[in-house]
Amino acid sequence: MTEQRAINGLAEMVAAGLVAPEAAPALAPVEEAFRIRMTAAMRGRVLGVGDAVARQFVPEAAEMIIREEELGDPIGDEAHSPVTGLTHRYPDRVILHVTKTCEVYCRFCFRREAVGEEGSLPEKDLVAALDYIAVNPAIREVILTGGDPLVLSARRIKGLMERLSAIAHVDQVRIHTRIPVVAPEKVTAEMVAALRAARVWVVVHTNHAQEIGAAAEAALARLVEAGIPLLSQSVLLRDINDSVAALEALFRRLMACRVKPYYLHHCDLAKGTGHFRTTIAEGQALMAGLRGRISGPLIPTYVLDIPGGFGKVPLVRDHAEPLGGGLWRITDWQGGQHLYRDPER
């Protein structure tokens, strides 16, 4: 059986029936600004045009509405980058951007202006990043991100794990990926073996229960049964998963697959994503609505990545104080205070 090909670009979206031909001209500027790609696995999970899966990957004209508060680098990766490909925001951990390529390009991605370049981090930059980690013994954890680290071959992943394990003070590696859900066929026996050989946790990004079909369930099982612990992270997205019922279904589906819900992210201030954002108060109400309906292990932490690179905070009373009119005072992990304004609805 021939493997189905991913959908790349606007013309292929039209050919696949995901974009109406008459709508395509208005979407041309979106294609020029942001990459478009959807895997065959995700096309197979679309049950109707404009549904909860389709809206995550199919471009919309609203993406060209750039709000004043939106940023090219909303979480401040560049503000904390000591060497190319590395973000060092917290004392004990770093983010290693091993590639800028993804199997899918989410329309709400906080790195949407950076992702899409072909290839992985050049060897000279990878060496510089590993050297930086090696001479900073406070760094205990390395988080692999991108792009999506698991677009790399099993051989390259295995080699990178070996290089990280040679740094004595690094005792934890975390991989953030969408691959087990959006391209489950890439979770091969070779990839599982490469991950199993390392001290690695895998954090799976998925936003709606509809994304997780039989193939994704099998890919997650291959990882779990190899002894690889799995967490999840999701983004709160307007008209996609912003209801108690949708979140409950997602978290129950994840736990059935032996994946612990870890983070629910407030949608970041990436350019052209205002139509995806809820208000903080709406997110807090959803979290309150989940209490009592589902058990504690199913409930993730609802968090905001403070714009500008000040770190991630839980959206609870100690860190998020409403000032009225959609304005919030956000207190970061070091006690610094920042103003955040909800989008107008």
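Visitor: Which residue in β14 does Trp 328 stand opposite?

Guide: Trp 328 stands opposite Tyr 340 in β14. Do keep in mind that this is a predicted model, where local features need pLDDT of at least 70 and side-chain atom pairs count only at pLDDT 80 or more, while totals for chains, interfaces and linings use all residues. Residues are numbered from 1 along each chain as its sequence is written, and side-chain values use heavy atoms, leaving out hydrogens and water.

Visitor: What makes β13 and β14 a pair?

Guide: Strands pair if DSSP finds at least two bridges between them. Strand β13 (residues 327-331) and β14 have five bridges, in the antiparallel sense, so they count as paired. Strands here are DSSP runs of E with at least two residues, and helices are runs of H or I with at least four, numbered from the N terminus.

Visitor: Why are β12 and β14 called edge strands?

Guide: The open sheet runs in the order β12-β13-β14, with antiparallel pairing. Strands β12 (320-324) and β14 (337-341) each pair on one side only. Neighbouring strands of this sheet are turned by 30° against each other on average, direction ignored.

Visitor: Which strands does α11 touch as it packs on the sheet?

Guide: Helix α11 touches β12, β13 and β14, and its direction makes about 70° with that of β13. Contact means heavy atoms within 4.5 Å.

Visitor: Why are α10 and α11 called oblique to each other?

Guide: Helix α10 (residues 244-256) and helix α11 (residues 280-290) pack at an angle of about 60°, with their axes 9 Å apart. Angles under 35 degrees count as roughly parallel, over 145 as roughly antiparallel, 65 to 115 as roughly perpendicular, and the rest as oblique. The two helices are therefore oblique. Axes are lines fitted to C-alpha atoms, for helices over the stretch in contact, and angles run from 0 to 180 degrees between N-to-C directions.

Visitor: Which residues meet where α10 and α11 pack?

Guide: From α10 come Val 244, Leu 247, Glu 248 and Phe 251, meeting Leu 286, Gly 289 and Leu 290 in α11. These contact residues divide into five nonpolar, one polar and one charged. Gly counts as polar and Glu as charged, while Val, Leu and Phe are among the nonpolar types.

Visitor: How do you know that β7 and β8 pair?

Guide: Strand β7 (residues 200-205) and strand β8 (residues 230-236) share four bridges in the parallel sense, and Val 203 stands opposite Leu 231 in β8. Both strands belong to an open sheet of nine strands with mixed pairing.
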